[in-house]
Amino acid sequence: MSSASCRPSRSVRRTGPQTRTLSAAAALGITGVRVQRSASPRAFADFGGEDPRDVRNREMFRDAAAMCTDAFQAGIPARCQDAMVSLGPTLAKTRPKALGSPEAARFCALFAALLYHPVEECRQMAVSSAGKAIDVALFLRFAPRTLVCELDPARRLQVVENLLKAARAILSTDAALDRCRQSGGLITIIDVWRSSQIGDVAREAMHLILLFAPCHSKAVASAGCVDMAIAVWTRLLQDESMARTPLQGAVGVETGATGPSLSSNSSSHLGLVVELMIWMLPHTTLQRLQPVSTLAEQSLRATQIVPPTRAHEVLLQLVSKMCKDASLARDLMNLGTHEAVLRLLTPDTSALQHAVAHAWIQIVAGAAPSRRQLSLGPPSVEIGTPIALRLNRVQGLPVQFAVNPIDLDVPPAPLLAASARTEALRKELLALGTLAQTVVYPGRQCGDEFLHFDTNFEGANLRCVMARSSTDYEVQLSADANSSHVQWFYWRMTGMTAGVKYKFRLINLVKPRSLFEDGAQPVMLSRCLMEEGVGWRHVGDDIAYYPNGALLSNGKPAHTLSFSISFTRTDDDVFLAHYFPYVYSDVRQDLERWEAGAQCSELLKTPGGLSVPVCRVGAPPGTKPVVVVIARAHPGEVTGSWVMRGVCDFLFLDEDSAGCRAALSWVLVPMLNPDGVMLGNTRTNLGGVDLNRHHHDDAAPETTAFRTLFSAAGASPLAFVDLHGHSCRRGVFCMGNAGASEKLMGLLANHSSAFDLAGSAMLPARSKDVGVGRVVGGARCSHSFTIEAAFGVPSSGDIQMTPRDLQGVGRALCRALCELSEDALA
């Protein structure tokens with residue numbers, strides 16, 4: 001088969017004998033695509049005593065193959081559509097016996113190639129037309145007969161594999177799947193799998209069964225697939241391809257150590273078997289699952305560690321799901337499966353770390369159900385005195401400094417190395433299970449050997465602290481009122497000893513993933529170091545983020561962030577936070593600077609008595625396009641404020657912004673939710689309302705007032721931008737509304753190297769998004785976006801992002817919006 005790339009051509013030579021190779025199809029794994037056309041249209045008409053019906057079928061296959069070739073090489077969607085419409089009657093008239101001919105084999109390869117056309121429009125048209133014109137269940141019935149036809153064994157398997165590939169392309173919709181199942185197609189596919197078990201045909205059959213599994217998992221399990229999966233799984237582990245190879249990079253394994261390893265081919269097949277087993281778990285009896293525990297343990301030891309594969313992922317998923325049954329969890333524990341799981345923790349398998357931690361925790365917690373009795377959740381905060389006390393916190397920091405720490409440059413800090421993160425997670429998992437002993441916060445003095453904690457300042461979040469020892473602390477954070485949102489942390493500590501390593505575990509975090517898994521660090525401000533001109537900086541070693549086996553009050557798994565800090569000064573006064581804080585007093589101080597270049601006023605007084613500022617700059621209203629930018633709807637997403645600070649500093653104070661000010665009328669709300677910021681909330685306001693889910697109604701006074709402001713901005717503002725932060729995804733990226741203009745994203749990418757254009761997306765509106773800012777804004781302007789800025793981890797590179805980097809994104813956003821206005825007027 002030629003290795004040359006096949007490009008669709010609109011001119012097809014039709015004279016003389018020729019051999020054409022469709023290498024684009026070969027790249028997709030479609031075999032037997034070599035098409036030979038003879039000069040005589042009846043070259044195979046004389047077959048002696050052969051049944052004339054078979055002769056006609058072979059002629060039909062020859063003509064159908066030619067039709068597929070012409071459509072493929074023309075590269076015209078309409079030709080692909082016509083070919084599929086014409087093929088429907090051909091397949092309906094075909095006798096199953098005729099599929100054993102060379103002509104049929106050639107047709108099957110070309111038929112599959114057309115359904116996987118390299119041109120997207122052609123492929124979509126071919127698949128859509130085939131779904132309407134072709135009875136998939138009908139031609140799938142040819143597969144079992146072909147497996148025993150007179151073709152040579154290799155050709156037989158090739159024909160069936162291409163038939164199954166074609167079926168996989170056509171069955172891409174739920175409607176097509178349902179029609180095929182009702183016509184008996186699922187049973188036919190299972191029969192093909194049962195006949196082949198292992199090999200390319202079996203893999204294609206399993207891909208098809210997995211298409212049915214999400215909606216028809218019970219039917220799949222009832223058709224005997226559980227026993228088939230166990231049999232195939234057992235055979236894979238007993239296959240002769242089992243060898244002994246070095247366990248590359250395994251933590252705790254000596255160099256040169258060996259172990260069994262499945263070949264990559266068997267590992268791929270294993271991944272399909274295990275994925276199917278996951279779907280069938282709810283419909284499988286405990287007795288039938290007993291051998292699966294042994295197979296899972298053996299497979300975890302048999303799969304190669306490097307590189308991580310789909311087989312690793314689904315094996316870990318299966319183990320986690322099996323552990324919902326305590327007896328299966330104990331079986332897995334007794335087999336040493338938790339040790340096999342931990343073996344997958346290597347610096348080269350960082351993508352698997354979260355799945356490894358989850359599987360390990362599920363085994364340990366499932367085998368010891370008492371651990372699950374630990375219930376974590378929001379504190380019992382009522383609207384009234386406790387909230388009022390938190391709103392009356394000290395504004396700013398309780399320690400006076402000559403300069404504002406946020407104005408000092410942050411020293412560059414690399415992301416923590418993968419090897420360090422791996423080893424930290426491994427140690428944490430092995431140590432999990434020890435419970436704290438002594439409550440040291442709030443309100444208890446337990447001796448000078450313990451650290452002292454404080455939250456009497458704005459933005460702080462700390463609920464209680466329990467000491468395992470004088471250097472080991474378990475921390476719970478305060479959840480937002482009337483919700484389980486908790487991710488932002490910020491507190492003060494005193495009483496430390498220089499050079500001693502202190503361990504902290506934050507045990508009631510909500511999100512299943514975190515940028516701390518990617519090498520991010522907390523940040524710290526030291527009173528002693530501030531006297532030397534050093535402000536906020538990244539700190540922390542031995543950082544790990546993992547599910548801890550406990551359940552939150554909403555029934556979701558609790559997660560732990562653990563890290564160690566060695567302080568450089570004894571009896572220092574330090575502040576520790578998730579990321580560089582930017583609180584209400586910071587925006588008030590910035591307003592004093594910004595008023596020199598902008599008109600700043602009050603949008604509203606919040607229920608907590610704080611002022612929400614709005615700033616205007618640029619062309620007079622009604623003379624130029626309007627741009628509206630807001631930040632901190634979610635109080636814990638502090639990175640949004642740093643981007644907004646870059647926007648405001650550029651527009652209000654930078655002479656280079658004169659063109660941007662002249663081209664647009666700017667309306668900016670730097671901090672929409674100051675109550676939430678003051679309280680140290682993660683997502684909601686004082687009343688427990690998520691502002692970015694209520695831009696469409698009057699559930700929150702902040703969004704009601706903003707909607708009035710937005711309406712006054714004109715009939716059709718040019719753009720609306722809502723600035724947020726993200727604690728799970730890397731980089732700075734955009735989310736827009738599907739069908740709207742994407743131009744702003746491209747312009748922002750041109751002006752900022754920190755912006756991740758590939759990670760941005762235009763999203764379809766979901767019912768739960770009806771009150772999201774970008775969705776509501778999209779009803780009035782074509783350029784409505786949420787911009788998310790990660791908590792320190794860039795989309796590329798290994799240096800953590802600082803506030804200065806994020807302020808640079810704000811300046812780039814202004815220039816991008818200015819260019820957008822020029823394009824709109826052009």
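A residue counts as buried when its relative accessible area is under 20%. By this cut-off, Arg632 is buried, because its relative accessibility is 3%. The structure described here is a predicted model. In this model, Arg632 lies in the loop between strand 19 (626–631) and helix 22. Its phi is near 60°, a positive value in a residue other than glycine. Most residues other than glycine have a negative phi.

Asp542 also has a positive phi, near 50°, and is likewise a residue other than glycine. Asp542 belongs to strand 14 (residues 541–552). Its relative accessibility is 28%, so Asp542 counts as partly exposed. The partly exposed class runs between the 20% limit for buried and the 50% limit for exposed.

The chain as a whole was then examined. Of the 826 residues in the protein chain, 56% are buried. The secondary structure comprises 28 helices and 24 strands. The accessible surface comes to about 32,800 Å². Carbon and sulfur atoms hold 50% of that surface. Contacts between residues at least 6 apart in sequence were also considered; 76% of them join residues at least 24 apart.

Helix 22 (residues 639–653) packs with helix 28 (residues 803–825). The angle is about 55°, and the axes are 7 Å apart. Helix 22 and helix 28 are therefore oblique to each other. The crossing of helix 22 past helix 28 is right-handed. On the helix 22 side, the contact is made by Thr639, Trp642, Val643, Arg645, Gly646, Val647, Asp649, Phe650 and Leu651. Helix 28 contributes Pro803, Leu806, Gln807, Val809, Gly810, Arg811, Leu813, Cys814 and Arg815. Ten residues of this contact are nonpolar, four are polar and four are charged.

Helix 2 (residues 52–74) and helix 3 (residues 77–93) form the other pair. Their angle is about 165°, with the axes 9 Å apart. Helix 2 is therefore roughly antiparallel to helix 3, because angles over 145 degrees fall in that class. The crossing of helix 2 past helix 3 is left-handed. Helix 2 supplies Asn57, Met60, Ala64, Met67, Cys68, Asp70, Ala71 and Ala74 to the contact. These meet Arg79, Cys80, Ala83, Ser86, Leu87, Thr90 and Lys93 of helix 3. The contact of helix 2 with helix 3 divides into nine nonpolar, three polar and three charged residues.

Two loops were also inspected. Val510 sits in the loop between strand 11 (501–509) and strand 12 (523–526). Val510 and His559 are 49 residues apart in sequence. In space, their C-alpha atoms are 6.2 Å apart. Neighbours within four places in sequence were left aside in listing the contacts of Val510. The partners are then Ser484, His485, Val486, Gln487, Leu552, Pro557 and His559.

The other loop runs between strand 6 (438–441) and strand 7 (452–454), and contains Pro442. A cis peptide bond joins Tyr441 to Pro442, with omega at about 10°. Most peptide bonds are trans.

Conventions
Residues numbered from 1 in each chain as written. Predicted model: local features only at pLDDT ≥ 70, side-chain atom pairs only at ≥ 80, totals over all residues. Heavy atoms only, no water. Axes fitted to C-alpha atoms, helices over the stretch in contact; angles between N-to-C directions. Helix = DSSP H or I, 4+ residues; strand = E, 2+ residues; numbered from the N terminus. Parallel < 35°, antiparallel > 145°, perpendicular 65-115°, else oblique. Left-handed = near helix turned anticlockwise from the far one by under 90°. Contact = heavy atoms within 4.5 Å. Nonpolar A, V, L, I, M, F, W, Y, C, P; charged D, E, K, R; others polar. Buried < 20%, exposed > 50% of the residue type's maximum accessible area, 1.4 Å probe, protein only. Areas by Shrake-Rupley, 256 points an atom, 1.4 Å probe, with all protein chains shown as cover.
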